[in-house]
Amino acid sequence: MRITKKIKEQMIQILETTYIDVKPALVFGNPFELLIAVILSAQCTDVRVNITTKRLFAKANTPASILEMGLSALEDEIRDCGLYHNKAKNILGTCQKLCEDYGGVVPESFDELLKLPGVGRKTANVVTSIAFQRPAIAVDTHVFRVANRLKLGVGETPFAVEQALMKIIPKEKWSAAHHWLIWHGRKLCKSRAPLCGQCPLHEICPSSTIA
DNA sequence: CTCCCGATAT
DNA sequence: ATATCAGGAG
């Protein structure tokens, strides 16, 4: 079955009305905390990140104070999130760059964000969208999977999916769409056992496992 | 493409 | 027991 532009627009409308009012799952108090939380969130559940950041931010929640912790103390603090050696190194590198080049403040420029160690396209887009409230579609594992299953935005790489989604979704809805797709992926369009029977999109979804 | 990696869901 | 989790770097 071919997915027309009209069907894609139907999908967008259903997602928009179904996931009205969804908000970020990560807990943060400012752009810097969000940046650190997103770096920690790679291959880790948001629940675990929130437990870890609550404890970490109580001890240190500025670039300078996290730098003071040092590598091994930071590793101990974030170990539960997994990939902790890389993440600790990247967080320290990011904190150092923030202090040296940006006066301890998270830059709003997407290109500057990308220069921070441990910050790739997905993380930079999350910070751009959520912390600075500018239109962006961060393609994480959920968005990538859901967009491809729906054929709402097809692509072999996250960047390709991001571009495909930006074409079909009006710019003013980009940031919201990122949240619709994430929550849809978490609640219904799960990686292992998608709950197609409960899905409001199953009738127009090309990947639906039910009639 | 591979490696990083502990916690959690199934 | 193993697939997956708000990915990024080499």
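I'll start with the count between domain 1 and domain 2: two salt bridges. A salt bridge here is a side-chain nitrogen of Lys or Arg within 4 Å of a carboxyl oxygen of Asp or Glu. The side chains of Glu162 and Arg121 form a salt bridge, at 2.7 Å from N to O.

Some ground rules. This is a predicted model, where local features need pLDDT of at least 70, side-chain atom pairs count only at pLDDT 80 or more, and totals for chains, interfaces and linings use all residues. Residues are numbered from 1 along each chain as its sequence is written, chains are lettered from A and ligands numbered from 1 in the order in which they are written, and side-chain values use heavy atoms, with hydrogens and water left out.

Now the layout. In chain A, domain 1 covers 5-23 + 136-198, and domain 2 covers 31-131. Those bounds come from an automatic or database domain assignment. The domain centres, taken over C-alpha atoms, lie 26 Å apart. Domain 1 puts 11 residues into the contact, and domain 2 puts in eight. Contact means heavy atoms within 4.5 Å.

What about area? About 730 Å² is buried between domain 1 and domain 2, and carbon and sulfur atoms give 57% of that. Buried area is the accessible area (1.4 Å probe) that two parts lose on being put together, summed over both.

Last, polar contacts. Four residue pairs, both residues at pLDDT 80 or more, are in polar contact across the interface of domain 1 and domain 2. That needs a pair of N or O atoms within 3.5 Å; within protein, one must be able to donate a hydrogen and the other to accept it, and residues adjacent in sequence count only if both atoms are side-chain atoms.
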